[in-house]
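Hello,

Here is the structure I promised to pass on, and below it you will find my notes. Have a look at it first, and then read on with the model open beside you.

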Amino acid sequence: MSGIVAIFGGDGAGLGPALRRLDPRGPDARSELRLPGAVFGVAELAPGEPGAAPATDRSGRWTVIADGELLNLRSLTAELAAWGEAPDEATTPAVAAALFAARGFVKGLERLAGDVAFIAWDAETRTAWAARDRSGLRPLHYQAGPTFAVASTPDALGGETDASRALEAVEAGLAFARASTPALAPGQAVSWRAGTLQHERWWAESANPLGADGARYRWARSLQFATELAIQQRAATDAPLAILLSGGVYAEALLAATAARRRDTVLALTFGVDGPGDERTRAAGLAATARADRKSTRLNSSHLVISYAVFCLKKK
């Protein structure tokens, strides 16, 4: 986790105070970058780790800061190298900057896997961009007017609290929403150019509710596409991947779609209890069909009692 902030269209005088307000997200170190028309700041949680500082692509057009780390960093670096667009560093901001230069901001976002929030500056068109991750794990708030400011927290922008919206956000498990510093929604991007603000949905669930189009077959195809798209984004990690596998249809679909996209072998983990509800045998057949490695664990009453006790303690 880190804190990021950028101010566009002004003299950047508010960058220092904004960075100090991001200390709770990144108390260990700060980095800044000042360009004509744009200033960037990053509050780092662990100083010295690669990828925290702002990065600019080789052409000098795109500058990017990010909160989070890409899961498909190595594969994207290799892909960009094949295009002749290899970044100078294999870091999340550097790879994103190179990808935005090659494909544009929104199209580039679609190739990125991981819960990462981005703030970017297109120096050629003098357009500021910001985008939140698909799951909404990385908050982004903004203020728009003659200047445009974006930050991980509304406090960094000096926003006032709207109590009802804040309560709503807490219940949803998301960041605080502020009246004067709106939050980007998960999967949403915003651009600002010469005082004009535009919102764009760069990712959204594609499955329609059952019966919305009057045909179960079309709904099933839509759901299949949504599942495959989600797997494409989440299974694009360079790290080994494991799936919790039950004997149900949904788990079967996830395993099949994941295994089809991975070159390495997926690990399927199954937990079960003795009795009529035990799905370990069916799960073993599913894993064999998908050519996945499988590990199965038998749970007994002691496991269940301990799990319930931990659950009760967490509720308190």
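A residue is called buried here when its relative accessible area is under 20%, exposed when that area is over 50%, and partly exposed in between. T92 has a relative accessibility of 4%, so T92 counts as buried. Please keep in mind throughout that this is a predicted model.

First, the overall picture. The protein has nine helices and 14 strands. Of its 316 residues, 41% count as buried. If you take the contacts with a separation of 6 or more, 56% of them are between residues 24 or more positions apart.

**T92 and its surroundings**

T92 belongs to helix α3. Its side chain has a polar atom that lies 3.0 Å from the backbone nitrogen of L70. Neighbours within four places in sequence aside, T92 touches A66, G68, E69, L70, L73, V116 and F118.

Three of those names lead to the next feature. How many cavities of 30 Å³ or more does a search of the whole structure find? The search finds one. The space in the largest cavity comes to about 50 Å³, and its lining is formed by L70, L109, L112, G114, V116, F118, D133, R134 and W202. By type, the lining residues divide into six nonpolar, one polar and two charged. L70, V116 and F118 are among the residues of this lining, and they are also among the contacts of T92.

L99 is another residue of α3. With 1% relative accessibility, L99 counts as buried. Among the residues in contact with L99, beyond its neighbours within four places in sequence, are L76, L80 and W83, together with G104, G108, R111 and L112.

L76 and L80 take us to helix α2, which covers residues 73-82. The buried residues there are L73, L76, T77 and L80. Viewed down the axis of α2, these buried residues fall within an arc of 105°, so they line one face of the helix. R74 and A82 are exposed, on the face turned away from the buried side. What do the buried residues of α2 pack against? Their partner is α3, residues 92-103. After α2 comes G84, with a positive phi near 80°.

**Helix α8**

In α8, residues 280-289, the buried residues are R280, A283, L286 and A287. Seen down the axis of α8, they fall within an arc of 115°, so they line one face of the helix. T281, A288 and T289 are exposed on the other side of α8. The cover over the buried residues of α8 includes α7 (249-261), β13 (267-272) and β14 (293-298). Just after this helix, R291 has a positive phi of about 55°.

**Two loop residues with positive phi**

Where does R126 lie? R126 sits in the loop between β6 (117-122) and β7 (127-131). Its phi is near 55°, which is a positive value in a residue other than glycine. R126 is partly exposed, with a relative accessible area of 44%.

A194 is in the loop between β10 (188-193) and β11 (196-201). Phi of A194 is near 50°, again a positive value in a residue other than glycine. Is A194 buried or exposed? Its relative accessibility is 72%, so A194 counts as exposed.

**One more residue, in α6**

I231 is placed in helix α6, residues 216-234. I231 is buried, with a relative accessible area of 10%. The C-alpha atoms of I231 and R261 are separated by 8.2 Å, although the two residues are 30 residues apart along the chain.

Best wishes

How values were computed:
Residues numbered from 1 in each chain as written. Predicted model: local features only at pLDDT ≥ 70, side-chain atom pairs only at ≥ 80, totals over all residues. Heavy atoms only, no water. Buried < 20%, exposed > 50% of the residue type's maximum accessible area, 1.4 Å probe, protein only. Helix = DSSP H or I, 4+ residues; strand = E, 2+ residues; numbered from the N terminus. Arc of directions from axis to C-beta. Contact = heavy atoms within 4.5 Å. 1 Å grid on protein atoms, 1.4 Å probe; cavity = no way out; pocket = protein on both sides within 12 Å on 5 of 7 lines; lining within 4 Å. Points joined across faces, edges and corners; volume = space filled by probe spheres on them. Nonpolar A, V, L, I, M, F, W, Y, C, P; charged D, E, K, R; others polar. Polar contact = N/O pair within 3.5 Å; in protein donor to acceptor, adjacent residues only side chain to side chain.
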